[in-house]
Each structure stands twice: as structure tokens, then as C-alpha cells.
Amino acid sequence: MDLPRAPRINPSILAADFVNMQADLARIAAADFAHVDVMDNHFVPNLTFGPQMVERIQATSPIPLDVHLMITEPERWAPEYAEIGAASVTFHLEAASDPVALARRLRDIGSRAGVAVKPATPVDSLFEILDEFDQILVMTVEPGFGGQSFMPETMPKLEALAAEARRRGSRVWLQVDGGISDRTIEIAAAAGADTFVAGSAVYGADDVEAAVTRLRDLARAASLEA
């Protein structure tokens, strides 16, 4: 049996101080990726970063960017984020007209291709096309706002994806985003997640680096016990 992969911790800069973004990026240098939530006030009822801001974050960040697009028309906009240099670009299955073609376009540019699903979206349609993606993001809250409570009812979807990935020998990363804390990261890791987006659990800590290490250790222990 394969050993669980080392968990990745991707702090969400949605919880950072926007006025002191460069300093807050430096605080998460011990993490794996900086998670950047791009919202368009259309697909979700909030507005955050655009390409120009993400390009500046890319130039400043000490770690690679994990860009999560909560936008309509991802076929039009997602390639631009890959061209900026984002290491990973994730779009929503619900918004994409041809997710496979878009994933291949992102990979051609040089980015990892990710697809995200809302809490109510089934994942069965992804089973046959797992190899088209480098990452699948199971939202554990409704997308659009930070600070929401973790939804444990999303875990069966994560478990199903993990089981199918094992069955197919897929190396796709399974990411969770929403309400990830010292307590809930263990639940998600036991269900099969290996990549974790955490906002307030990191930036709300007195010692950000220690918070990243603690989350990683908790996830690793839970995955070994599962």
C-alpha cells in the first residue's frame, strides 16, 4: 500500500492584511502555496482580485501561487492567470463549458490545472476524467466568503474521489477549502485530502509559521491513522 503523501498547507491570503500584503506573504514562507481567491461578484457575491493584482502578488510571493477562480467564463479568463505565472489555476466545474479542454490549455501554458466543485455538486462526472486534472478542490463551505463553518457533509464526496483516485492509480491532489482549522483538518485528511486551504487558522494565529507547521503535522497524523 502506498504511504500517504506529505500534506500541503496553502494559506488563503483572503485572510491577510491587504494594506500590508507583501509583509503578510512573507509570513507564510514556510507554507507550500499561497492560495489566491479570485471572485467576480457574479459567480459568487463578492469581488476580490483581478489579473493585475495577482501579477503583483506573484512577483512578491516567496512561495508559488495557487489561484482559485470563482468566476464565470473561466475559458476566457483562466489562461491569463496561467500566463502570469501562477503555479496552479483552479476553475469551477459549474462555470466551465468544456472543463477538459480548459485544463489542457492551462497545462499547455505551464500551470497545474485544477477543478473545483461546490458543496452540492456531485463528483461522479469527474471519475472518468481524473487524469485531466492535477488537483480537485472540494469546497467545504459555499464559495464566496471567508470565515464560514466547515461542512462535514461534503466528506463523502471527498472519500469517493480518494477511493476512485486510488483505484485508477491517479496522483491527482485532493484539496479542501473552507473552515479548515486544527480540528477540521484531521477530518478532511482522514477522508483523503492532501492539500488544505486555511485562512483565519493561519493568519489569525499569533505565530503564523507555527500554525502552518501544526496544521501540517495534524494532517499527516490523521492521514496515517486513516
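Q: Which residues does Thr121 touch, not counting residues up to four places away in sequence?
A: The structure shown is a predicted model. In it, Thr121 touches Leu93, Glu94 and Lys157 once residues up to four places away are set aside. One of these contacts is polar: the side chain of Thr121 meets the side chain of Glu94 at 2.5 Å.

Q: Where is the place of Thr121, and is Thr121 buried or exposed?
A: Thr121 belongs to the loop between β5 (112-117) and β6 (135-139). Buried is the term for a relative accessible area under 20%. Thr121 has 16% relative accessibility, and therefore counts as buried.

Q: In which loop is Asp194 found, and what is in contact with Asp194?
A: Asp194 is in the loop between α6 and β8 (195-198). Its relative accessible area is 7%, so Asp194 is buried. Apart from neighbours within four places in sequence, Asp194 is in contact with Arg5, Ala6, Pro7, Arg8, Val172, Trp173 and Leu174. The side chain of Asp194 also makes a polar contact with that of Thr195, at 2.8 Å.

Q: How is the packing of two helices described?
A: Two values are given for packed helices: the angle between their axes and the distance between those axes. Here helix α5 (residues 155-168) packs with helix α6 (residues 184-191) at an angle of about 35°, and the axes are 8 Å apart. Met155, Leu158, Glu159 and Ala162 make the contact from the side of α5, while Ile187, Ala188 and Ala191 make it from the side of α6. Sorted by class, the contact of α5 with α6 has six nonpolar residues, one charged residue and no polar residues.

Q: What does Arg104 meet in a salt bridge?
A: The side chain of Arg104 meets that of Glu132, at 2.6 Å from N to O. This pair, too, links distant parts of the chain: Arg104 is in helix α4 and Glu132 in the loop between β5 and β6, 28 residues apart. Arg104 is partly exposed at 45% relative accessibility, whereas Glu132 is buried at 16%.

Q: Which residues are linked with Glu128 in a network of salt bridges?
A: The network links Glu128, Glu164, Arg167 and Arg168. Arg168 counts as partly exposed at 33% relative accessibility, and Glu128 counts as exposed at 64%. The C-alpha atoms of Glu128 and Glu164 are separated by 9.4 Å, although these residues are 36 residues apart along the chain.

Q: Which residues of α3 are buried, and what covers them?
A: The buried residues in α3 are Pro74, Ala78, Pro79, Tyr81, Ala82 and Ile84. Their cover includes β2 (34-39), α2 (51-60), β3 (65-70), β4 (88-92) and α4. After α3 comes Gly85, with a positive phi near 120°.

Q: How many helices and strands does the protein have?
A: The protein has eight helices and eight strands. Its radius of gyration is 16 Å, close to the 17 Å that the globule rule gives for 226 residues, so the protein is as compact as a globular protein of that length. The C-alpha trace spans about 45 × 40 × 30 Å along its principal axes. Of the 226 residues, 54% are buried. Among contacts with a separation of 6 or more, 63% are between residues 24 or more positions apart.

Conventions: Residues are numbered from 1 along each chain as its sequence is written. This is a predicted model: local features need pLDDT of at least 70, side-chain atom pairs count only at pLDDT 80 or more; totals for chains, interfaces and linings use all residues. Side-chain values use heavy atoms; hydrogens and water are left out. Axes are lines fitted to C-alpha atoms, for helices over the stretch in contact, and angles run from 0 to 180 degrees between N-to-C directions. Helices (H or I, at least four residues) and strands (E, at least two) are DSSP runs, numbered from the N terminus. Contact means heavy atoms within 4.5 Å. Ala, Val, Leu, Ile, Met, Phe, Trp, Tyr, Cys and Pro count as nonpolar, Asp, Glu, Lys and Arg as charged, and the others, Gly among them, as polar. Buried means under 20% relative accessible area, exposed over 50%, partly exposed in between (1.4 Å probe, protein chains only). A polar contact is a pair of N or O atoms within 3.5 Å; within protein, one must be able to donate a hydrogen and the other to accept it, and residues adjacent in sequence count only if both atoms are side-chain atoms. A salt bridge is a side-chain nitrogen of Lys or Arg within 4 Å of a carboxyl oxygen of Asp or Glu. The radius of gyration is taken over C-alpha atoms; the globule rule is 2.2 Å times the number of residues to the power 0.38.
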